[in-house]
Amino acid sequence: MTDTISESIRLFATEKGLDDDLIVYVVEQALKAAYKKEFGTDINVSFKNENNVVSMFAKKKIVERVRDVALEISLKDATKYTDEAEIGDELTIQIDPMSFKRMAAHTGKQRALQCLQEIQKDSIFAEYNAKVGEVVIGYFNREHNGNIYVNLGKAEGFLPRKFLSPFDHFGRDGKVGEGNRIKALVQEVKKNRQSNSVQILLSRTCSDFVKRILELEVPEVYSGIIQIKGIVREAGYRTKVVVDSTRSDIDPVGSCVGPKGSRIQQVIGELGGEKIDIIQYTENIREYIMRSLTPAEIEDVVIVDEEKRSAIAIVSPTQLSLAVGKQGMNVRLANRLVDWNILVKTEEDFKEMDIYSSAMDMAESLFVDSEESDSDVISAVHELP
């Protein structure tokens with residue numbers, strides 16, 4: 001039985017990339033299970049490993065009359081192993097697994113299979129747990145209730161519907177192949193303690209997914225020459241990425257966009273056509289707010305309350321809808337990006353606000369003898385607390 005189990009385990013282990021120590025462990029567990037099935041206990045069993053060949057031994061007490069064959073041996077049988085055997089001594093003898101009954105052998109093989117499955121799951125958990133936050137590539141396997149199951153080779157990944165972009169339609173044509181290749185971020189790896197099953201949770205909607213894709217497409221981002229200072233995303237619609245360069249001779253925005261937009265188009269293609277705004281970082285908050293509202297052109301930014309982090313972006317009527325975005329998406333993303341509360345107003349709407357009247361009163365009290373234009377008044381508001 002030992003040779004049969006060992007050979008089966010080695011074939012399986014080779015396929016799964018398991019090392020020799022694990023093979024020895026599995027063989028020992030299988031033999032212990034078989035011995036226990038045969039004799040009802042395994043407390044007296046030990047093993048010896050020489051050149052990855054496992055031998056099993058059992059310690060037995062030499063008695064005049066055997067009552068427990070698992071733990072005792074007769075003096076007559078003991079003398080077959082040593083001429084110095086005496087009643088009351090303990091003797092360690094080698095056990096031949098080939099002598100086990102069929103049920104014991106079957107139990108041993110079942111235990112071996114169970115151990116191999118547990119080791120494989122532990123190995124998968126360790127491997128993919130180390131990949132949390134990284135992008136993996138797999139293929140569409142099946143779909144159930146809008147959730148996608150991804151073939152990752154060694155394991156199956158789970159891509160929930162809530163972590164799919166609205167433009168993701170993997171497997172909808174019922175075909176499996178290159179057209180169904182899936183890139184996704186490893187969001188989390190879970191292991192059920194009772195079943196020991198491993199679930200690899202994938203995502204294509206998180207901001208880190210865009211970051212990893214940029215690292216793949218833009219060498220300067222991967223090397224750290226270009227740093228990503230922030231990402232906000234409305235999956236399937238728009239992403240805003242703030243970048244900065246550690247070198248003065250490297251244009252962070254231009255590097256991300258690439259020659260004729262080649263790099264950013266690769267990223268957009270992977271995201272199913274999602275719009276991406278690449279924004280250069282600045283510590284000037286007014287300029288930062290202006291850039292955050294791209295693609296709209298902002299005429300001015302009024303800091304309303306620096307402590308409460310609130311501001312007003314002033315745009316021309318033609319740029320208002322672009323600055324706000326569909327259903328307020330663009331300004332909402334800008335708010336999240338700079339972590340300020342931004343209102344978008346035309347200059348005419350701004351003049352009707354109380355803050356504008358306050359600015360006018362302040363300007364008149366400070367510059368009674370001077371005539372200021374509306375744009376000068378707006379600039380004065382920047383100094384308001």
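Guide: The axes of helix α10 (residues 317–324) and helix α11 (residues 329–338) come within 5 Å and cross at roughly 65°. Here axes are lines fitted to C-alpha atoms, for helices over the stretch in contact, with angles running from 0 to 180 degrees between N-to-C directions. Leu322, Ala323 and Val324 of α10 meet Met329, Asn330 and Val331 of α11 in this contact (heavy atoms within 4.5 Å). By type, the residues of the contact divide into five nonpolar, one polar and no charged; Ala, Val, Leu, Ile, Met, Phe, Trp, Tyr, Cys and Pro count as nonpolar, Asp, Glu, Lys and Arg as charged, and the others, Gly among them, as polar.

The model is predicted: local features need pLDDT of at least 70 and side-chain atom pairs pLDDT 80 or more, while totals for chains, interfaces and linings use all residues. Residues are numbered from 1 along each chain as its sequence is written, and side-chain values use heavy atoms, leaving out hydrogens and water.

The loop between α10 and α11 holds glutamine 327. Its phi is near 55°, a positive value in a residue other than glycine. Glutamine 327 is exposed, with a relative accessible area of 71% (exposed is over 50%, buried under 20%, partly exposed in between, with a 1.4 Å probe and protein chains only). Arginine 309 sits in the loop between β13 and β14 (310–315) and is partly exposed, at a relative accessible area of 35%.

Elsewhere in the chain, strand β11 (residues 238–245) has seven of its eight residues buried, so it is largely enclosed by the rest of the structure. Eight bridges connect β11 to strand β10 (residues 226–234) in an antiparallel arrangement; two strands pair if DSSP finds at least two bridges between them. Glycine 230 has valine 242 of β11 as its bridge partner. Three residues separate β10 and β11 in their hairpin, and glycine 236 in the turn has a positive phi of about 95°. Strand β12 (residues 275–280) runs parallel to β11, joined to it by six bridges, with valine 243 opposite glutamine 280.

Among the buried residues of α2 are Ile23, Val27, Glu28, Leu31 and Tyr35. Glycine 40, with a positive phi near 90°, follows α2.

The protein chain as a whole contains 14 helices and 15 strands, taken as DSSP runs numbered from the N terminus (H or I, at least four residues, for helices; E, at least two, for strands). Of its 385 residues, 43% are buried. Among contacts between residues at least 6 apart in sequence, 59% join residues at least 24 apart.
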